[in-house]
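Dear colleague,

I am passing on the structure below, followed by my notes on what was found in it. Please read the notes with the structure open beside them.

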Amino acid sequence: MATLLIVHHTPSPNCQAMFEAVVSGATAPEIEGVRVVRRAALAATAADVLAADGFLLGTPANLGYMSGALKHFFDQVYYPCLDSTRGRPFGYYVHGGNDVTGAVRGIEAVTAGLAWRRVAEPVTVTGEPGKADLEACWELGAATAAGLME
């Protein structure tokens, strides 16, 4: 069975709504043969990453960058996972109050260094997520999980 690891930092109701929509999509009844593992960014480990076949990342944009929690996650797993996870699929979502550009740039840079393969357009939201934003998060979760189906 394939494993999708969702690594997230959800400090706000807006991030929580996006996270829940991603999980709902990833665990939809149509998705078969994929185990979804959820880890808070500060709790996720290199062992979690090495055991996963694909990844979904979620973060707020804080002070123009990804959250410190997600950056800490990347700092902890980068070298232990660098060679073993090349080419693995990933997707991500970012929520910001008014700008997510720096967070997107940071995630793209780190995942490029890891040589992960982005399989879906990122979902980026500023302000309160609307219905279309949450549907996009659901689609992100579903598409990323479906790509791991055996």
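Within H1, the buried residues (buried meaning under 20% relative accessible area, with exposed over 50% and partly exposed in between, for a 1.4 Å probe and protein chains only) are Cys15, Met18, Phe19, Ala21, Val22, Val23, Gly25 and Ala26. Please bear in mind that this is a predicted model, in which local features need pLDDT of at least 70 and side-chain atom pairs count only at pLDDT 80 or more, while totals for chains, interfaces and linings use all residues. Residues are numbered from 1 along each chain as its sequence is written, and side-chain values use heavy atoms, with hydrogens and water left out.

The buried residues of H1 pack against strands E1 (2-8), E2 (34-40), E3 (54-62), E5 (89-96) and E7 (123-126), and also against helix H5 (131-146); helices (H or I, at least four residues) and strands (E, at least two) are DSSP runs numbered from the N terminus, and contact means heavy atoms within 4.5 Å.

**The overall fold**

The protein has 5 helices and 7 strands, which follow one another along the sequence as β-α-β-α-β-β-α-β-α-β-β-α. Of its 150 residues, 49% are buried, and among contacts between residues at least 6 apart in sequence, 84% join residues at least 24 apart.

**Two nonpolar cores**

A nonpolar core is here a set of buried Ala, Val, Leu, Ile, Met, Phe, Trp, Tyr and Cys residues joined through side-chain atoms within 4.5 Å. In the largest one, which has 29 residues, Leu57, Phe73 and Phe74 touch the most other members. At least two residues of this core come from each of E1, helix H2 (46-51), E3, helix H3 (68-81), E5 and helix H4 (101-114), with H3 giving the largest share, 6 residues.

**Serine 67**

Ser67 lies in the loop between strand E4 (65-66) and H3, and is buried, with a relative accessible area of 0%. Not counting residues up to four places away in sequence, Ser67 touches His9, Thr59, Pro60 and Asn62.

With best wishes
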